[in-house]
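Let's take a walk through this model, starting from a single residue and working out to the packing around it. Keep the viewer open as you read.

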Amino acid sequence: MGKLDGRVVIVTGAARGQGEQEARLFVAEGAGVVVADVLDDQGEALAKEIGARYVHLDVSREDDWRAAVDAARKAYGHVDGLVNNAGILRFNELVGTPLEEFEEVVRVNQTGVFLGIRTVAPEIAAAGGGTIVNTASFAGLTGMAYVGAYAATKHAIVGLTRVAALELAARNVRVNAVCPGAIDTAMSNPAQLDPGGDVVAGAEALDAVYSKLVPLGRIGRPEEVARLALFLSCEDSSYITGQPFVIDGGWLAGVSVI
Ligand code: NAD
(Lines give C-alpha, C1' and ligand atoms only; values in the text may rest on other atoms or scores of the structure.)
Protein backbone atom coordinates (compact mmCIF):
# COMPACT_ATOMS: atom_id res chain seq x y z
CA MET A 1 0.00 0.00 0.00
CA GLY A 2 1.35 3.40 -0.97
CA LYS A 3 0.60 6.45 1.14
CA LEU A 4 -1.00 8.13 -1.88
CA ASP A 5 -2.82 5.23 -3.51
CA GLY A 6 -5.75 6.53 -5.56
CA ARG A 7 -4.65 10.16 -5.24
CA VAL A 8 -3.98 12.51 -8.16
CA VAL A 9 -1.53 15.33 -7.53
CA ILE A 10 -0.32 18.22 -9.68
CA VAL A 11 3.25 19.24 -8.83
CA THR A 12 4.39 22.57 -10.29
CA GLY A 13 8.01 23.29 -11.12
CA ALA A 14 8.49 19.53 -11.20
CA ALA A 15 10.98 19.21 -14.07
CA ARG A 16 13.91 19.44 -11.65
CA GLY A 17 14.96 20.10 -8.07
CA GLN A 18 12.53 19.66 -5.19
CA GLY A 19 9.54 19.33 -7.51
CA GLU A 20 11.23 16.48 -9.36
CA GLN A 21 11.86 14.63 -6.11
CA GLU A 22 8.28 15.22 -5.02
CA ALA A 23 6.99 13.83 -8.32
CA ARG A 24 9.26 10.77 -8.02
CA LEU A 25 8.24 10.07 -4.41
CA PHE A 26 4.54 10.66 -4.99
CA VAL A 27 4.49 8.22 -7.93
CA ALA A 28 6.38 5.67 -5.82
CA GLU A 29 3.68 6.11 -3.14
CA GLY A 30 0.92 5.32 -5.62
CA ALA A 31 -0.28 8.73 -6.82
CA GLY A 32 -1.14 9.70 -10.36
CA VAL A 33 1.14 12.69 -10.83
CA VAL A 34 1.00 15.60 -13.24
CA VAL A 35 4.51 16.98 -13.71
CA ALA A 36 3.98 20.67 -14.53
CA ASP A 37 6.70 23.10 -15.58
CA VAL A 38 7.89 25.50 -18.26
CA LEU A 39 10.94 23.28 -18.96
CA ASP A 40 9.15 21.07 -21.47
CA ASP A 41 11.99 18.73 -22.52
CA GLN A 42 13.09 17.98 -18.96
CA GLY A 43 9.53 17.68 -17.73
CA GLU A 44 8.49 15.35 -20.55
CA ALA A 45 11.55 13.14 -19.99
CA LEU A 46 10.92 12.89 -16.25
CA ALA A 47 7.22 12.12 -16.70
CA LYS A 48 8.06 9.39 -19.19
CA GLU A 49 10.67 7.88 -16.87
CA ILE A 50 8.47 7.73 -13.77
CA GLY A 51 5.11 7.01 -15.40
CA ALA A 52 3.53 10.42 -14.85
CA ARG A 53 1.90 12.97 -17.20
CA TYR A 54 3.63 16.16 -18.27
CA VAL A 55 1.83 19.42 -18.85
CA HIS A 56 3.27 22.80 -19.81
CA LEU A 57 2.20 25.15 -17.01
CA ASP A 58 3.48 28.66 -16.51
CA VAL A 59 2.06 29.18 -13.03
CA SER A 60 1.57 32.90 -13.64
CA ARG A 61 -0.92 32.26 -16.48
CA GLU A 62 -4.58 31.62 -15.72
CA ASP A 63 -5.19 29.79 -19.02
CA ASP A 64 -2.33 27.39 -18.35
CA TRP A 65 -3.85 26.46 -14.97
CA ARG A 66 -7.22 25.69 -16.55
CA ALA A 67 -5.51 23.53 -19.19
CA ALA A 68 -3.45 21.72 -16.56
CA VAL A 69 -6.53 20.77 -14.56
CA ASP A 70 -8.28 19.62 -17.73
CA ALA A 71 -5.24 17.49 -18.63
CA ALA A 72 -5.14 15.97 -15.14
CA ARG A 73 -8.83 15.13 -15.23
CA LYS A 74 -8.48 13.62 -18.70
CA ALA A 75 -5.52 11.49 -17.63
CA TYR A 76 -6.69 10.38 -14.19
CA GLY A 77 -10.40 11.28 -13.84
CA HIS A 78 -10.04 13.72 -10.95
CA VAL A 79 -7.55 15.90 -9.03
CA ASP A 80 -7.27 15.82 -5.24
CA GLY A 81 -3.80 17.18 -4.58
CA LEU A 82 -1.59 20.12 -5.49
CA VAL A 83 2.00 20.96 -4.64
CA ASN A 84 2.66 24.61 -5.49
CA ASN A 85 6.42 24.24 -5.79
CA ALA A 86 7.47 26.43 -8.76
CA GLY A 87 9.51 29.45 -7.80
CA ILE A 88 12.27 31.82 -8.89
CA LEU A 89 14.95 33.73 -6.98
CA ARG A 90 16.60 37.04 -7.86
CA PHE A 91 19.42 38.63 -5.87
CA ASN A 92 19.36 42.39 -5.53
CA GLU A 93 19.68 45.17 -3.03
CA LEU A 94 16.13 46.31 -2.27
CA VAL A 95 16.69 49.94 -3.23
CA GLY A 96 18.33 48.84 -6.48
CA THR A 97 15.65 46.35 -7.52
CA PRO A 98 13.94 47.32 -10.81
CA LEU A 99 10.14 47.25 -10.70
CA GLU A 100 10.06 44.68 -13.52
CA GLU A 101 12.25 42.31 -11.51
CA PHE A 102 10.14 42.70 -8.37
CA GLU A 103 6.95 42.09 -10.36
CA GLU A 104 8.45 39.07 -12.15
CA VAL A 105 9.18 37.39 -8.81
CA VAL A 106 5.69 38.24 -7.52
CA ARG A 107 4.08 36.90 -10.70
CA VAL A 108 5.69 33.48 -10.44
CA ASN A 109 6.03 32.93 -6.69
CA GLN A 110 2.95 34.68 -5.32
CA THR A 111 0.41 35.04 -8.13
CA GLY A 112 1.33 31.49 -9.18
CA VAL A 113 0.37 30.09 -5.78
CA PHE A 114 -2.81 32.20 -5.68
CA LEU A 115 -3.89 30.97 -9.13
CA GLY A 116 -3.03 27.40 -8.20
CA ILE A 117 -5.19 27.49 -5.08
CA ARG A 118 -8.01 29.30 -6.86
CA THR A 119 -8.07 26.90 -9.81
CA VAL A 120 -7.39 23.58 -8.15
CA ALA A 121 -9.09 23.83 -4.74
CA PRO A 122 -12.62 23.57 -6.21
CA GLU A 123 -11.52 20.45 -8.11
CA ILE A 124 -10.13 18.92 -4.92
CA ALA A 125 -13.32 19.76 -3.03
CA ALA A 126 -15.42 18.24 -5.82
CA ALA A 127 -13.33 15.06 -5.53
CA GLY A 128 -14.32 14.80 -1.86
CA GLY A 129 -11.34 16.61 -0.39
CA GLY A 130 -7.56 16.46 -0.40
CA THR A 131 -4.46 18.54 0.13
CA ILE A 132 -2.52 21.57 -1.03
CA VAL A 133 1.13 22.07 -0.11
CA ASN A 134 2.64 25.48 -0.85
CA THR A 135 6.39 25.93 -1.06
CA ALA A 136 7.36 28.99 0.92
CA SER A 137 10.86 29.24 2.39
CA PHE A 138 12.54 29.96 5.67
CA ALA A 139 12.79 33.41 4.02
CA GLY A 140 9.00 33.43 4.39
CA LEU A 141 9.40 33.53 8.16
CA THR A 142 12.45 35.72 8.63
CA GLY A 143 14.34 38.36 6.70
CA MET A 144 17.16 37.65 4.28
CA ALA A 145 19.25 40.49 2.88
CA TYR A 146 19.49 40.94 -0.90
CA VAL A 147 16.48 38.77 -1.75
CA GLY A 148 13.76 41.30 -0.88
CA ALA A 149 11.33 40.44 -3.66
CA TYR A 150 11.73 36.73 -2.96
CA ALA A 151 11.31 37.10 0.81
CA ALA A 152 8.21 39.26 0.30
CA THR A 153 6.58 36.60 -1.89
CA LYS A 154 7.49 33.79 0.47
CA HIS A 155 5.94 35.68 3.43
CA ALA A 156 2.86 36.15 1.24
CA ILE A 157 2.69 32.40 0.59
CA VAL A 158 2.57 31.73 4.33
CA GLY A 159 -0.33 34.21 4.59
CA LEU A 160 -2.15 32.67 1.63
CA THR A 161 -1.68 29.23 3.17
CA ARG A 162 -3.33 30.28 6.43
CA VAL A 163 -6.28 31.99 4.72
CA ALA A 164 -6.80 29.11 2.29
CA ALA A 165 -6.76 26.63 5.17
CA LEU A 166 -9.43 28.60 7.01
CA GLU A 167 -11.67 29.00 3.98
CA LEU A 168 -11.28 25.46 2.62
CA ALA A 169 -11.38 23.36 5.81
CA ALA A 170 -15.16 22.94 5.61
CA ARG A 171 -14.71 21.51 2.10
CA ASN A 172 -12.22 18.96 3.40
CA VAL A 173 -9.19 20.59 1.76
CA ARG A 174 -6.11 20.88 3.98
CA VAL A 175 -3.54 23.53 3.11
CA ASN A 176 -0.04 23.69 4.56
CA ALA A 177 3.32 25.16 3.61
CA VAL A 178 6.87 23.86 3.56
CA CYS A 179 9.57 26.37 4.50
CA PRO A 180 12.93 24.99 3.36
CA GLY A 181 16.25 26.49 4.37
CA ALA A 182 19.13 26.02 1.95
CA ILE A 183 18.49 23.03 -0.31
CA ASP A 184 20.95 21.62 -2.84
CA THR A 185 19.17 22.35 -6.12
CA ALA A 186 19.94 24.55 -9.11
CA MET A 187 18.51 27.51 -7.20
CA SER A 188 21.30 27.40 -4.63
CA ASN A 189 23.87 25.44 -6.67
CA PRO A 190 23.80 26.89 -10.21
CA ALA A 191 26.64 24.49 -11.22
CA GLN A 192 23.80 22.01 -11.72
CA LEU A 193 22.69 24.06 -14.75
CA ASP A 194 26.14 24.38 -16.32
CA PRO A 195 26.93 21.42 -18.60
CA GLY A 196 30.63 21.85 -17.73
CA GLY A 197 29.93 22.68 -14.09
CA ASP A 198 31.37 20.60 -11.28
CA VAL A 199 28.21 19.74 -9.36
CA VAL A 200 30.04 17.79 -6.65
CA ALA A 201 32.51 20.63 -6.06
CA GLY A 202 29.57 23.03 -6.00
CA ALA A 203 27.77 20.91 -3.40
CA GLU A 204 30.94 20.58 -1.32
CA ALA A 205 31.46 24.35 -1.43
CA LEU A 206 27.88 24.84 -0.27
CA ASP A 207 28.33 22.30 2.51
CA ALA A 208 31.43 24.18 3.62
CA VAL A 209 29.38 27.38 3.85
CA TYR A 210 26.40 25.77 5.55
CA SER A 211 28.46 23.71 7.98
CA LYS A 212 29.13 27.03 9.72
CA LEU A 213 25.64 28.48 9.41
CA VAL A 214 23.37 25.50 9.99
CA PRO A 215 23.30 23.49 13.24
CA LEU A 216 23.02 20.17 11.38
CA GLY A 217 26.15 21.19 9.49
CA ARG A 218 25.13 20.74 5.87
CA ILE A 219 22.86 21.90 3.09
CA GLY A 220 19.52 20.07 2.75
CA ARG A 221 18.67 17.59 0.02
CA PRO A 222 15.60 17.92 -2.21
CA GLU A 223 14.60 14.36 -1.26
CA GLU A 224 14.25 15.52 2.36
CA VAL A 225 11.80 18.26 1.37
CA ALA A 226 9.90 15.74 -0.77
CA ARG A 227 9.37 13.56 2.31
CA LEU A 228 7.86 16.53 4.17
CA ALA A 229 5.60 17.31 1.21
CA LEU A 230 4.52 13.66 1.23
CA PHE A 231 3.71 13.81 4.95
CA LEU A 232 1.56 16.91 4.38
CA SER A 233 -0.17 15.31 1.37
CA CYS A 234 -1.13 12.00 2.97
CA GLU A 235 -3.26 10.78 5.86
CA ASP A 236 -0.33 10.91 8.29
CA SER A 237 -1.07 14.66 8.62
CA SER A 238 -4.87 14.27 8.73
CA TYR A 239 -5.39 16.77 11.61
CA ILE A 240 -2.95 19.43 10.37
CA THR A 241 -3.91 22.46 8.31
CA GLY A 242 -2.87 26.09 7.95
CA GLN A 243 0.69 25.65 9.15
CA PRO A 244 4.17 26.49 7.83
CA PHE A 245 6.69 23.66 8.38
CA VAL A 246 10.33 24.66 8.62
CA ILE A 247 12.87 22.21 7.17
CA ASP A 248 16.23 23.91 7.53
CA GLY A 249 18.67 21.83 9.59
CA GLY A 250 17.99 24.04 12.60
CA TRP A 251 18.98 27.33 10.96
CA LEU A 252 15.96 29.21 12.32
CA ALA A 253 16.22 27.73 15.81
CA GLY A 254 18.31 30.61 17.08
CA VAL A 255 21.88 31.76 17.37
CA SER A 256 24.91 30.48 19.22
CA VAL A 257 27.37 32.91 20.75
CA ILE A 258 30.08 30.28 21.25
P1 NAD B 1 14.85 24.92 -9.04
O2 NAD B 1 15.22 26.23 -9.64
O3 NAD B 1 15.66 23.74 -9.36
O4 NAD B 1 13.33 24.55 -9.38
C5 NAD B 1 12.35 25.50 -9.66
C6 NAD B 1 11.44 24.93 -10.73
O7 NAD B 1 10.37 25.88 -10.96
C8 NAD B 1 12.16 24.72 -12.07
O9 NAD B 1 11.84 23.46 -12.61
C10 NAD B 1 11.61 25.85 -12.93
O11 NAD B 1 11.58 25.57 -14.33
C12 NAD B 1 10.20 25.99 -12.35
N13 NAD B 1 9.60 27.28 -12.72
C14 NAD B 1 10.16 28.51 -12.69
N15 NAD B 1 9.28 29.43 -13.14
C16 NAD B 1 8.13 28.75 -13.43
C17 NAD B 1 6.86 29.15 -13.92
N18 NAD B 1 6.58 30.43 -14.22
N19 NAD B 1 5.91 28.19 -14.08
C20 NAD B 1 6.17 26.89 -13.78
N21 NAD B 1 7.36 26.46 -13.35
C22 NAD B 1 8.33 27.39 -13.16
O23 NAD B 1 14.86 25.19 -7.46
P24 NAD B 1 14.18 24.39 -6.23
O25 NAD B 1 15.06 24.56 -5.07
O26 NAD B 1 13.79 23.02 -6.62
O27 NAD B 1 12.89 25.29 -6.00
C28 NAD B 1 11.62 24.74 -5.66
C29 NAD B 1 10.92 25.65 -4.70
O30 NAD B 1 11.61 25.66 -3.46
C31 NAD B 1 10.85 27.11 -5.13
O32 NAD B 1 9.57 27.63 -4.81
C33 NAD B 1 11.90 27.79 -4.27
O34 NAD B 1 11.64 29.15 -4.08
C35 NAD B 1 11.78 26.98 -3.01
N36 NAD B 1 12.94 27.04 -2.11
C37 NAD B 1 14.18 26.67 -2.53
C38 NAD B 1 15.24 26.71 -1.64
C39 NAD B 1 16.64 26.28 -2.04
O40 NAD B 1 17.58 26.55 -1.29
N41 NAD B 1 16.84 25.62 -3.15
C42 NAD B 1 15.04 27.14 -0.32
C43 NAD B 1 13.76 27.52 0.07
C44 NAD B 1 12.71 27.46 -0.83
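Start with asparagine 189, which sits in the loop between strand S6 (173-180) and helix H6 (199-213). Bear in mind that this is a predicted model. With a relative accessible area of 3%, asparagine 189 falls under the 20% cut-off, so it counts as buried. Setting aside neighbours within four places in sequence, asparagine 189 is in contact with Asp184, Val199, Gly202, Ala203 and Leu206.

Helix H4 (residues 99-126) packs against helix H5 (residues 148-168) with axes 9 Å apart and an angle of about 15 degrees. Angles under 35 degrees count as roughly parallel, so that is what H4 is to H5. The contact draws on residues including Phe102, Val106, Val113 and Ile117 of H4, and on H5 it takes in Tyr150, Ile157, Leu160 and Leu168, among them. As for handedness, H4 passes H5 in a right-handed crossing.

Next, the nonpolar cores. The largest has 34 residues, and Ile10, Val120 and Ile132 have the most contacts inside it. Strand S2 (32-37), helix H3 (62-76), H4, H5 and S6 each give two or more residues to this core. H4 supplies the largest share, nine residues. Take a look at isoleucine 132: not counting residues up to four places away in sequence, it touches Leu82, Asn84, Ile117, Ala121, Ile124, Val173, Arg174, Val175 and Asn176. Apart from this core lies another, of 25 residues, among them Ala14, Phe26, Ile183 and Leu232.

Key
Residues numbered from 1 in each chain as written. Predicted model: local features only at pLDDT ≥ 70, side-chain atom pairs only at ≥ 80, totals over all residues. Heavy atoms only, no water. Helix = DSSP H or I, 4+ residues; strand = E, 2+ residues; numbered from the N terminus. Buried < 20%, exposed > 50% of the residue type's maximum accessible area, 1.4 Å probe, protein only. Contact = heavy atoms within 4.5 Å. Axes fitted to C-alpha atoms, helices over the stretch in contact; angles between N-to-C directions. Parallel < 35°, antiparallel > 145°, perpendicular 65-115°, else oblique. Left-handed = near helix turned anticlockwise from the far one by under 90°. Core = buried A, V, L, I, M, F, W, Y, C linked by side-chain atoms within 4.5 Å.
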